[in-house]
Amino acid sequence: MRRLAGKVAMVTSAGSAIGAAIARRLHAEGACVVAFDWSGAEDGIVAELNELRAGAVGVRGDIRKGDDVRRAVATAVERFGKLDVLVNNAGIAVPLRRVTETSEDDFDRGMAINARGVFLGMKHSIQAMIETSPGSGSVINTASTQSIDGMANMVACCGSKGAVALMTKAVAVEVAPLGIRVNAVCPGPTGTDIKVNSSRTAVALPDEAKTQTGSRAVTVDEAAIRSMVPIGRVCGGAPLPAVMSP
Ligand SMILES: NC(=O)c1ccc[n+]([C@@H]2O[C@H](COP(=O)([O-])OP(=O)(O)OC[C@H]3O[C@@H](n4cnc5c(N)ncnc54)[C@H](O)[C@@H]3O)[C@@H](O)[C@H]2O)c1
């Protein structure tokens with residue numbers, strides 16, 4: 001059953017990983033899809049979707065730039081006549097660092113992509129929903145468990161994803177009277193490039209961030225996953241190897 005037949009959805013960072021999976025699912029449910037990404041990988045997703053059924057278009061742009069986001073929303077309206085759904089998914093992992101060692105550049109980059117990007121997505125897509133699909137619309141912001149829990153060495157990630165959670169609530173109450181729903185999803189650790197990259201940054205942490213458990217050194221990343229995910233594996237990933245008690 002195609003539950004989204006006749007709907008038009010835009011997905012930010014649709015070129016890979018979680019965003020690509022969301023774009024595929026929306027398209028499989030019958031929606032027309034605007035796939036936004038800055039990498040060029042959105043072209044591959046769009047080709048894959050159009051091979052199955054027409055109704056996908058790619059827009060290359062930077063989520064931090066209002067003009068790029070406005071252009072993507074305009075593309076949805078020009079190509080498909082309206083915008084019903086925004087999946088505000090673009091986000092990055094800032095390298096794991098103590099607050100005292102987090103650079104201003106890394107902090108600003110996290111806030112710009114994770115928080116400002118979500119703001120820009122809502123700003124431009126909600127205006128289009130009001131104009132082209134009055135009385136309805138749905139925004140889904142990709143937040144994180146970092147939106148809810150304070151985690152060590154993640155001041156920029158928790159700060160920016162915490163902002164996503166409260167922006168979601170603020171805009172939800174603002175536009176509910178217009179019939180537009182605004183929600184957030186909070187994924188836990190998921191086996192994508194973000195996770196691989198943040199694992200790599202774990203080796204840059206001081207030695208005490210690595211613990212010796214049984215006969216094996218456990219990186220802070222593995223230890224963090226174990227403490228965050230009782231089942232002991234990331235979403236879409238294999239279980240971590242068993243660790244013996246010390
Ligand atoms: N993977 C996880 O463990 C995890 C956990 C919680 C939340 N999340 C969130 O889920 C979302 C997707 O994460 P993912 O793991 O699929 O990420 P990923 O790093 O695997 O992919 C990110 C995508 O975003 C695009 N992108 C990055 N910066 C961009 C920019 N400035 N403009 C446009 N596109 C840009 C990249 O090109 C890439 O296609 C993010 O918001 C992330 O914070 C991920």
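Start with the lining of the largest cavity: seven of its residues are nonpolar, two are polar and one is charged (Ala, Val, Leu, Ile, Met, Phe, Trp, Tyr, Cys and Pro count as nonpolar, Asp, Glu, Lys and Arg as charged, and the others, Gly among them, as polar). Before you go on, know that this is a predicted model: local features need pLDDT of at least 70, side-chain atom pairs count only at pLDDT 80 or more, and totals for chains, interfaces and linings use all residues. Residues are numbered from 1 along each chain as its sequence is written, and side-chain values use heavy atoms, leaving out hydrogens and water.

To see that lining, select V94, P95, L96, R97, T102, N153, M154, V155, A156 and C157. On a 1 Å grid over the protein atoms alone, a cavity is a set of points where a 1.4 Å probe fits but cannot get out, and lining residues have an atom within 4 Å of a point. The space inside the largest cavity is about 50 Å³, where a volume is the space filled by probe spheres set on the points, joined across faces, edges and corners.

Next, click V99. Is V99 buried or exposed? It's exposed, at 58% relative accessible area (buried is under 20%, exposed over 50%, partly exposed in between, with a 1.4 Å probe and protein chains only).

Last stop: S147. This one is buried, with a relative accessible area of 14%.

Definitions and conventions
On a 1 Å grid over the protein atoms alone, a cavity is a set of points where a 1.4 Å probe fits but cannot get out, and a pocket is an open set with protein on both sides within 12 Å along at least five of seven lines; lining residues have an atom within 4 Å of a point.
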